[in-house]
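Subject: Structure handover

Hello,

Here is the structure I said I would pass on.

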Amino acid sequence: RSSKVATHSGLYNGPSGHPEPKNIGVPAEGSEAIKFFQTAKEEELPTEDAIRNELFESVTSEIVAETNIAAENLSEPLLMACMTDSRRK
């Protein structure tokens, strides 16, 4: 990280991003999401593949947004680690 950032300057910060429920057809708001899962038919629920793909696509989307490198110029992502900082972020 740059020396000009507020926290954790000079430390490694891998690509992060976070999955977006709406990208797999789930409402993002808490009460709407709960209602969705309580009332959805099985065929309306996101598949394990859709969930897994969103986990990786969210990282790719963050890399594209932060670096302006087109997604087609990136290699396939690999999960390297999960990181938290002192504020559990």
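The notes below go from the overall shape to one helix and a few of its residues.

Please keep in mind that this is a predicted model.

Overall shape
The protein has two helices and zero strands. Its radius of gyration is 16 Å, whereas a compact globule of 89 residues would have a value near 12 Å. The C-alpha trace spans about 50 × 35 × 20 Å along the principal axes. Of the 89 residues, 12% are buried. Among contacts with a separation of 6 or more, 40% are between residues 24 or more positions apart.

Helix α2
This helix covers residues 48-67. Its length agrees with expectation, because 20 residues at 1.5 Å a residue should span 28 Å and the end C-alpha atoms of α2 are 29 Å apart. The buried residues in α2 include Glu54, Ser58, Val59 and Thr60.

Which residues does Thr60 touch, once its neighbours within four places in sequence are left aside? The contacts are with Ala71, Leu74 and Pro77. Thr60 has a relative accessibility of 13%, so it counts as buried, the cut-off being under 20%.

The nonpolar patch
Phe56 is also in α2. Together with Ile51 and Leu55, Phe56 forms a nonpolar patch on the surface. The accessible area of these three residues together is about 240 Å². Is Phe56 itself buried, exposed or partly exposed? Its relative accessible area is 31%, so Phe56 is partly exposed. Patch members need over 30% relative accessible area, and Phe56 has 31%.

After the helix
Asn68 follows α2 and belongs to the segment after that helix. Its phi is positive, at about 65 degrees, although Asn68 is not a glycine. Asn68 has a relative accessible area of 71%, so this residue is exposed; the cut-off for that class is over 50%.

Regards

How values were computed:
Residues numbered from 1 in each chain as written. Predicted model: local features only at pLDDT ≥ 70, side-chain atom pairs only at ≥ 80, totals over all residues. Heavy atoms only, no water. Patch = residues over 30% accessible without salt bridge, like charges linked within 9 Å, V, L, I, M, F, W, Y side chains within 5 Å. Areas by Shrake-Rupley, 256 points an atom, 1.4 Å probe, with all protein chains shown as cover. Salt bridge = Lys/Arg side-chain N within 4 Å of Asp/Glu carboxyl O. Helix = DSSP H or I, 4+ residues; strand = E, 2+ residues; numbered from the N terminus. Buried < 20%, exposed > 50% of the residue type's maximum accessible area, 1.4 Å probe, protein only. Rg over C-alpha atoms; globule rule 2.2 N^0.38 Å. Contact = heavy atoms within 4.5 Å. Expected span 1.5 Å × (residues − 1).
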